Amino acid sequence: MIDIKLKSKESLEITRQDQRFWLERWFELNRNSIFNVIILRWMKVSEGIALLYFNEIEMEIVAHIKTNEIISVGENIEIEYQAINNLN
């Protein structure tokens, strides 16, 4: 039973690394694009960190939003990609 759980954890980690790789690649290929997203929730309002739903790729992604506007949960906004934080 322990062996199965370890392999399951390894498999999950490999899946996450693979997903992150392709997500970074997709953003790099679409560097000059504007993305339509939905604010799902604020994780740290004071730092502008939110969970966003990207319509184009049907994924939820944590992002840092730089704006002076007040943005509410559930609001649709357009954002522009600037960089990916490579900290794991």
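Two strands are taken to pair if DSSP finds at least two bridges between them; strands (E, at least two residues) are DSSP runs, numbered from the N terminus. The structure is a predicted model, in which local features need pLDDT of at least 70 and side-chain atom pairs count only at pLDDT 80 or more, whereas totals for chains, interfaces and linings use all residues. Residues are numbered from 1 along each chain as its sequence is written, and side-chain values use heavy atoms, with hydrogens and water left out.

By the pairing criterion, strand β1 (residues 34–44) and strand β2 (residues 49–54) run antiparallel and are joined by six bridges. Within this pair, Leu52 of β2 lies opposite Ile39. The hairpin formed by β1 and β2 has four residues between the strands, and Gly48 there adopts a positive phi near 70°. Strand β1 also pairs with β4 in the antiparallel sense, over five bridges; Asn36 has Glu78 of β4 as its bridge partner.

Together, four strands make up an open sheet with the order β3-β2-β1-β4 and antiparallel pairing. Its edges are formed by β3 (59–64) and β4 (76–80), each of which pairs on one side only. From one strand to the next, the twist averages 50°, where axes are lines fitted to C-alpha atoms and angles run from 0 to 180 degrees between N-to-C directions. In general, strands of a sheet pair through backbone hydrogen bonds, either parallel or antiparallel.

Aromatic contacts were examined next. Rings of Phe, Tyr and Trp (its six-membered ring) pair if their centres lie within 6.5 Å; planes under 30 degrees apart count as stacked, over 60 as edge-to-face and the rest as tilted. Trp26, Phe27, Phe35 and Phe54 belong to one aromatic cluster.

Solvent accessibility was assigned with a 1.4 Å probe on protein chains only, buried meaning under 20% relative accessible area, exposed over 50% and partly exposed in between. Phe35 is buried, at 2% relative accessibility, and Phe27 is also buried, with a relative accessible area of 7%. Trp26, at 23%, is partly exposed.
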